[in-house]
Amino acid sequence: MEFEKLSENTHEEEFYFQWHITNECNLRCKHCYHSDYIDDSLNIDQLLLIGNHLCDAAQKWGKKASFSLTGGEPFSNSKNIFSLLDLLEKRNVDRVDILTNGTLIDEKITKKLKKYTKLRRIQLSLEGLKDTNDKIRGNGSYERTIKTIKQLKEQSFNVSIMMTIGRHNYNEVIPLAKELGLLNVDAFILDRFIPEGQSNDKKDWLLSSEEIRQVYSLAYNFFQASLKPRFLLYRTLFCLLNPDDSHIGAICSVGNNALTIMPNGDVFPCRRLPIKIGNLLEETIYNIWYTSPLLWEMRNPENLKGKCHNCEYIPICRGCRAMAYAITGNYFESDPQCWKQ
Amino acid sequence: MMKKYKLNKNVCLKYDDVSDKYYAFCVNSGDHFALNRVGFFILTLLEKGYSIDEIINSVHKQENIDLNICKTDTINFLNKSKKIGIIAIEKEDHNYDKKRQD
């Protein structure tokens, strides 16, 4: 009757924490998944306590910790984000990304960010070319973001752009990619629009499965033909385009190797799956990771329903559980935008 | 005199039917241990409040092994589990020997 101590809880090498350190934001983007912008952020002592705890957990699990610090707008309180960057720089962290709208990053902040060796990438957002972007993110936001991109590239930062695609902007994916190439942007990431939070009433923005197939195909073709910007196609459904290409597609990370921390310490399985599974002021990350019924359900692909249930691509995809939840109310339903017959 | 063990309240037992593996998770320290099926069975019975005698008899019946070997192995397993913090001694059962004689 032997037992053995484990050093790893999954087969993944990385453990990813997407940490929303504040709800405050200076923009009101129409597609945003936030439901309110009330600042219920924790104080810096609480944030540092959580940061240390998350690093300890990754160490305990034998994982490379990777963090994305975001908001709201994480530079709404620059003192807090720099304190956390200081902490993560000192800890057992593999890399840190900052997800920001970029509008508050001035030259002083840019220079201050230079010292962080673990800062891998700064991710900004654009939703298309100028007119389309500004309709969604607010007048003048396109020019401000372009200015920030140039400022960051002058200081040799790795810059990526996130575009959230829906019916309102999907025909601008490739035109925007070409613009970003001219600006020497390093990476371009597409995420599917999910109607939730304040954008819950915009279900007409959802692309059909055929439209998703078309835009993903265009992105994949661009990816194969161009070096800048590099499309990062590590998202569910991309594998359907070419299951043998390991550079595209990703299995849903929920329950596998990622968690989202909200400004008040609440923990979500994924930011786009807004179901509270614990709070780090009240319990350990271990308690959440080991005992959450939702996470255990998610780890079992037998629970998938509809065409996802018997899909041959379960080992490399499983669809987007957040999309299924937003559209059907059941996170095990088929991904509504999957085009596989 | 017999020890009375209890599962540490910070330990969570889990059978993962996807990987067909058995675990004991310490939700305070983050330690986690892989168990075999019998070890998991023992800890599950302990969690339900079974006495050591009841556990030994249950394992003996389920695994169809010699009672003395079963007793030795079960007590060894419980002692190892205590050493790594999965279980704790709740109290000494001072009537254990008397009860056994009865």
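Residues are numbered from 1 along each chain as its sequence is written, while chains are lettered from A and ligands numbered from 1 in the order in which they are written. In this predicted model, local features need pLDDT of at least 70, side-chain atom pairs count only at pLDDT 80 or more, and totals for chains, interfaces and linings use all residues.

Q: Why is His34(A) called partly exposed?
A: A residue is buried if 20 or more other C-beta atoms, placed from the backbone, lie within 10 Å of its own, exposed if 12 or fewer, and partly exposed in between. His34(A) has 19 C-beta neighbours inside 10 Å, so it counts as partly exposed.

Q: Where is His34(A) found, and what is it in contact with beyond four places in sequence?
A: His34(A) is found in the loop between strand 2 (14-20) and helix 1 (44-60) of chain A; helices (H or I, at least four residues) and strands (E, at least two) are DSSP runs, numbered from the N terminus. Contact asks for C-beta atoms, placed from the backbone, within 7 Å. Leaving aside neighbours within four places, His34(A) is in contact with Asn23(A), Gly197(A) and Gln198(A).

Q: How do you know that strand 9 and strand 10 of chain A pair?
A: Pairing needs at least two bridges found by DSSP. Strand 9 (residues 258-261) and strand 10 (residues 266-268) of chain A have two, in the antiparallel sense. Thr260(A) has Phe268(A) as its bridge partner, and Ile261(A) stands opposite Val267(A). In this hairpin, with four residues between the strands, Gly265(A) takes a positive phi near 95°.

Q: In which sense do strand 2 and strand 9 of chain A pair?
A: Strand 2 and strand 9 of chain A pair in the parallel sense, over four bridges. There the bridge partner of Gln18(A) is Thr260(A).

Q: What makes strand 8 and strand 11 of chain A edge strands?
A: The open sheet has ten strands in the order 8-7-6-5-4-3-2-9-10-11 (chain A), with mixed pairing. Strand 8 (230-232) and strand 11 (278-279) of chain A each have a single partner strand, so one side of each is left without a neighbour in the sheet.

Q: What is the angle between helix 1 and helix 2 of chain B?
A: Angles run from 0 to 180 degrees between N-to-C directions, with axes fitted to C-alpha atoms, for helices over the stretch in contact. Helix 1 (residues 37-47) and helix 2 (residues 52-63) of chain B pack at about 145°, their axes 10 Å apart.

Key: Contact = placed C-beta atoms within 7 Å.
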